[in-house]
Every structure is written in structure tokens, then in C-alpha cells.
Amino acid sequence: MMDASLELTRMGQRMSETMAASHDVIGARSGMIRTALGSPLEANYRELARMVPEKVEAFSKAGAAIATEWWAMQADMLTQAQQLGQMALKGRPPTAVEWSAMTERTIAHGVRALERGVALGAGAVKPIHARATANVRRLKRARKP
């Protein structure tokens, strides 16, 4: 639970950094687009050509991270449902030992669901954060004389 809380904090920080970086990148690239529209011979085509492919790559990685965690969550939920179903199909009330084991599994399942939910969000944010912050650093270096 503590690891999940810390990861949520890190994810919140990455999201804030991503938003700030996006603001800076959009501002810089908007100027490049204006320049390209007004004077095509002076355009920074290298930077303009990066815009779409880098977004496709970052969002593809984010989507893959979401899908991976989503399927892991689904598999875990199915396992939990199977175990509960097996318990119900015994045709008798669970023994104290069975009840205790079921309770432990249910608690563990809840913790895993929380951890995977956090990992899902963190995995989605990570590649977008990496791309946005790398763009800010590169564009700042390019502006320096």
C-alpha cells in the first residue's frame, strides 16, 4: 500500500511536469509553425517532422502499458472469481480454515488491484512524460546562441 501511495505521488509529479513541458513545447513549436507558414524557406523542417511520429510513439507505448496492466488485472479478477465459485459450488458453508484462506486471498486481490491500477496510470504517463520533458530540454538547447 505504501509503494502504491509513493507511486501515485511520483505519477502526480510526472503529470505536473508533463503539463508544464507541454506548455513550453507547444509555445516553441507554435512559433516554428508560424515561421514555416510565413517563410517556408526558413522553416525548421527537422523539428516539424518530429511532431507526429513522436506523439504516435509515446501514445503507443502508453497504450501498450495500459493494455498490459489491464489484462493482468482481468486475469487476477478471473482467478478470484474462480476461487469464489469453487467455494460456492461445494454445497456447504466454508470451514473456518477455508473462510480464513478466502479472506486472505480477497484482501491480497484488493491490494493487487490497487497496485495494478496505480501501475496502469504510471505506465501510461511515463512515455508521454519522457517525450515531453526531452523535447523541452532539446528545444531549450536549440534556442541558446
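Student: Which helices each supply at least two residues of the lining of the largest pocket?
Tutor: This is a predicted model, where local features need pLDDT of at least 70, side-chain atom pairs count only at pLDDT 80 or more, and totals for chains, interfaces and linings use all residues. Residues are numbered from 1 along each chain as its sequence is written, and side-chain values use heavy atoms, without hydrogens and water. Helices are DSSP runs (H or I, at least four residues) numbered from the N terminus. Those that each give at least two lining residues are H1 (2-38), H2 (45-88) and H3.

Student: How many charged residues does the lining of the largest pocket have?
Tutor: A pocket is an open set of points on a 1 Å grid over the protein atoms alone, where a 1.4 Å probe fits, with protein on both sides within 12 Å along at least five of seven lines; lining residues have an atom within 4 Å of a point. Among those lining the largest pocket are Arg-29, Glu-54, Lys-55 and Arg-131. By class, the lining has 6 nonpolar and 2 polar residues, and the charged ones (Asp, Glu, Lys and Arg) number 4.

Student: How far apart are the end C-alpha atoms of H3?
Tutor: H3 covers residues 96-143, which is 48 residues. The expected span is 1.5 Å times one less than the number of residues, so H3 should span 70 Å. The distance agrees with this, at 70 Å.

Student: At which residue does H2 bend by about 30 degrees?
Tutor: The bend at a residue is the angle between axes fitted to the seven residues ending there and the seven starting there. In H2, the proline Pro-53 follows the bend within four residues, and the bend lies at Met-51.
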